[in-house]
Amino acid sequence: MAEQVEDVSTLPLPDAFLDFLRRNGLDPSIYAASHSTPRYIRLKPGCERHLMEIEAEIKCKLKEVSWLPYFYYLSPDVGIARTKAYQEGKIYGIDAASGAAVLSLGISPGDHVLDLCTAPGAKLCMILDLLGCSGTVTGVDVSRHRLAACRTMLQKYTLGDCCRLFVADGTTFSLIPVRVCLNSKSSAAEEQLEVYKEWTPRRSWKERKRAAKTRENGASQFFSQIQDPELIFYGHHSGVVGLSKCEVYQSVNDHELLQLGYDKVLVDAECTHDGSIRHIQKFEQWGWTTLQRRVLDAERTDFLTVLQLKLLANGFRLLKVGGSLVYSTCSLTLSQNEDVVEQFLSQNASAELLEIDAAQNWPCKSARIPKTLRFDPMTSSTSGLFIAKFTKLAV
């Protein structure tokens, strides 16, 4: 115990945060490794021949992550944002633990995937990489400007062909994946309905007029004042082109969702980010008083656990029978992870936890609930992350 206290005392963490960790049963010494935790990047498949060129530019040897394909690690102080490889879309930054969450989905060719809290977009890019040129991905986020950044990433990495992005509340989003239906397309043409053409970054006159009206009214930026999901991007093979708005926005009942829902759903829920090493390090620049409002405030934590349960419940509702859902957060607290999972399971008889087969060789540990996993800087040399995988049973 004395050794632990000595280690903790050397950390640049305020007493309030240390108290928060202890109240949540977390060992503060896991942050002792924070400044030596490697930086991780993912190499876009097909760019392997550029490895030596990338290493020469960053003046650093890229070391392969043995348990995660296309992932490499480097010194945490090496920057990549100004490199040619990053600007040309050959590499992007994503923590290995986040990559593990995506890999846990077990994505197969032809899957229809829902990323319910998609910003800032690195996991979305990896999902699209794994999916290839079949199936579709639907990305949803409540923040328009953060989702617009995701759209920029898709264009930069030329990954948006099978993707569509909606500004929407993940707790109420209810649109099913678009499955090509020639009859509905022909009927739309026969009725001369306005259909979606190829996506263009230039907004239509109607969209510009609506945006101007919103600015004039001084509308809140919060999603609570946005009525319908807003489609801000769609690729050529996302299933949207050629359909009418009523077809893209068609609603189905919960019984129909059992067959028409998504094959895979990722719910990487909003959280206090206390397990994200890079996020916590930023408070050294932002000021530790900001930490009180964003992480330590009890009312915010209570709000987040309610939000997390709602996101998980809605993501599961949109999952088809036999599909897989992964719930993850970059918090290490029990209240935002195991407690949410236990409450969700008690309310959903058709939900069952699954073993994550790919995790047999991962440097992580079992969480409190069997079949759930935890990554942390000491155990995994990654940021902190909790992962639980569910399937939907036919009941």
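Let's start with an opening in the surface: the second largest pocket holds about 230 Å³ of space. Here a pocket is worked out on a 1 Å grid over the protein atoms alone, as an open set of points where a 1.4 Å probe fits, with protein on both sides within 12 Å along at least five of seven lines; lining residues have an atom within 4 Å of a point. Grid points are joined across faces, edges and corners, and the volume is the space filled by probe spheres set on them. Of the 17 residues lining this pocket, G25, L26, K365, R374 and D376 are the closest to its centre. The elements giving two or more residues to the lining are β12 (365-366), β13 (373-375) and α16 (377-380). Helices (H or I, at least four residues) and strands (E, at least two) are DSSP runs, numbered from the N terminus. Seven nonpolar, four polar and six charged residues make up the lining.

A word on what you're looking at: this is a predicted model, where local features need pLDDT of at least 70 and side-chain atom pairs count only at pLDDT 80 or more, while totals for chains, interfaces and linings use all residues. Residues are numbered from 1 along each chain as its sequence is written, and side-chain values use heavy atoms, with hydrogens and water left out.

Now for the rings. A search of the whole structure turns up 13 aromatic pairs (Phe, Tyr and Trp rings, the six-membered one for Trp, with centres within 6.5 Å; planes under 30 degrees apart are stacked, over 60 edge-to-face, the rest tilted). One of them is F17 with F20, a stacked pair at 6.0 Å centre to centre and 15 degrees between the planes. These two are three residues apart in helix α2 (residues 15-23), so about one helical turn separates them. F17 and F20 are both buried, meaning under 20% relative accessible area, with exposed being over 50% and partly exposed in between (1.4 Å probe, protein chains only).

Compare F316 and F344: their ring centres are 5.3 Å apart and their planes at 80 degrees, so this pair is edge-to-face. It links distant parts of the chain, as F316 belongs to helix α14 (residues 298-317) and F344 to helix α15 (residues 338-347), 28 residues apart. F316 is buried at 3% relative accessibility, and F344 is buried at 0%. Elsewhere, W67, W362 and F375 make up one aromatic cluster.

Rings can have charges over them too (NZ of Lys or CZ of Arg within 6 Å of the ring centre and within 35 degrees of the ring normal). The charged end of K156 sits over the ring of Y86, 3.3 Å from its centre, and K245 lies over the face of Y249 at 5.2 Å from the ring centre.

D141 is in strand β6 (residues 136-141) and is buried at 8% relative accessibility. As for C330, look in the loop between β10 (319-329) and α15; at 16% relative accessibility, C330 is buried.

How values were computed:
Ala, Val, Leu, Ile, Met, Phe, Trp, Tyr, Cys and Pro count as nonpolar, Asp, Glu, Lys and Arg as charged, and the others, Gly among them, as polar.
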